[in-house]
Amino acid sequence: SGTSETITGGSGEIVLTNTLQDPKFTLEIVKKGVTTDENGSETQTPLSGVEFKLEKLVETTTEGKTQWVVDENYPFDSTNKGSITGTTGTDGKIISNPFTNLKPGTYRLTETKAHPGYNLLAQPIEIKFTQDGKCYIDGEKITDTKTFVQSGNTYTMNLTVLNRKTPELPHTGADAPSLWL
């Protein structure tokens with residue numbers, strides 16, 4: 001995509017062409033678990049072995065109804081089309097199949113495998129990257145320049161996904177309320 005403009009001078013014509021490169025986006029995820037101690041203090045720990053699936057969505061209209069479906073032909077890399085699954089390492093960052101070189105568009109991020117003792121995210125996260133270099137998470141524009149970083153033509157969204165540990169219910173003897181007659 002590019003724009004061109006023409007300036008006409010007295011002695012002839014000068015054509016200025018300004019070619020815009022498509023922006024490239026990287027989704028850098030850090031997965032952390034949150035535990036709360038008896039005093040209410042929270043601790044965040046990076047979680048390994050967590051799997052995230054990123055799908056490229058495309059808007060389609062079928063019988064007058066518009067809906068978002070997975071773009072099965074979108075190439076994340078040479079082997080992953082439509083979706084790509086990345087796994088976190090010990091620092092909580094995705095080490096296999098990083099989410100890089102993403103084109104502008106709408107993506108759906110789903111946690112498909114949780115760290116032991118944690119629940120999966122209740123719902124997917126929608127991420128939208130725009131042609132003019134903006135990022136929206138679940139419809140909210142990201143304006144924090146530490147979170148959403150531009151470097152030349154590449155933009156990196158640093159998304160920390162927090163997960164609370166599944167609370168262990170205290171065991172108090174009887175599993176069911178007892179009826180006393």
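**Entry 1: Ser-41**

I began with terms: strands are DSSP runs of at least two residues, numbered from the N terminus. The model I am reading is predicted. I looked up Ser-41 and found it in the loop between strand 3 (24-36) and strand 4 (42-46). Next I listed its contacts, leaving aside neighbours within four places in sequence. Ser-41 is in contact with Thr-35 and Thr-36.

**Entry 2: Confidence**

The chain has a mean pLDDT of 85, and 80% of its residues reach 70 or more. Then I went to residues 173-181, where the pLDDT is below 50. Beyond near neighbours in sequence, I found 0 contacts for this stretch in the model.

**Entry 3: The core**

How many residues are in the largest nonpolar core? I noted 27. Phe-99 and Leu-102 have the most contacts inside this core. I then asked which elements give two or more residues to the core. They are strand 3, strand 5 (51-62), strand 9 (99-102), strand 10 (105-113), strand 11 (125-129), strand 12 (135-137) and strand 15 (154-164). Strand 15 gives the most, with 4 residues.

Phe-99 touches Phe-25, Leu-27, Ile-29 and Leu-54, among others. Its list also includes Ile-84, Ile-94 and Leu-109.

**Entry 4: Thr-88**

I moved to Thr-88, which is in strand 7 (residues 83-88). Thr-88 counts as buried because its relative accessibility is 3%, and the cut-off for buried is under 20%. What does its side chain reach? I found the backbone oxygen of Leu-47, at 2.8 Å. Leu-47 is also in the contact list of Thr-88, which leaves aside neighbours within four places in sequence. Others in that list include Lys-31, Ser-48, Phe-52 and Ile-95.

I looked at backbone angles next. Most residues other than glycine have a negative phi. Asn-101 has a phi near 55°, a positive value. Asn-101 is in strand 9. Why does Asn-101 count as exposed? Its relative accessible area is 52%, and exposed means over 50%.

Asp-138 also goes on this page, with a positive phi near 45°. Where is Asp-138? I found it in the loop between strand 12 and strand 13 (140-141).

**Entry 5: Rings**

I searched the whole structure for aromatic pairs and noted 7. I picked out Tyr-74 and Phe-76. Their ring centres are 4.9 Å apart. Their planes are at 80°, so the pair is edge-to-face; the cut-off for that is over 60 degrees. Tyr-74 is buried, with a relative accessible area of 6%. Phe-76 counts as buried too, at 10% relative accessibility.

Which residues do ring pairs link into a cluster? I listed Phe-25, Tyr-74, Phe-76, Tyr-107, Phe-129, Phe-148 and Tyr-155. Phe-25 had already come up in my notes, as a residue that Phe-99 touches.

**Entry 6: Charges over rings**

Last, I looked for charged ends over rings. Lys-56 has its charged end over the ring of Tyr-74, 5.4 Å from the ring centre. The charged end of Lys-128 sits over the ring of Tyr-136, 5.6 Å from its centre.

Conventions: Residues numbered from 1 in each chain as written. Heavy atoms only, no water. Contact = heavy atoms within 4.5 Å. pLDDT = per-residue confidence, 0-100. Core = buried A, V, L, I, M, F, W, Y, C linked by side-chain atoms within 4.5 Å. Buried < 20%, exposed > 50% of the residue type's maximum accessible area, 1.4 Å probe, protein only. Polar contact = N/O pair within 3.5 Å; in protein donor to acceptor, adjacent residues only side chain to side chain. Phe/Tyr/Trp six-rings, centres within 6.5 Å; stacked < 30°, edge-to-face > 60°. Lys NZ or Arg CZ within 6 Å of the ring centre and 35° of its normal.
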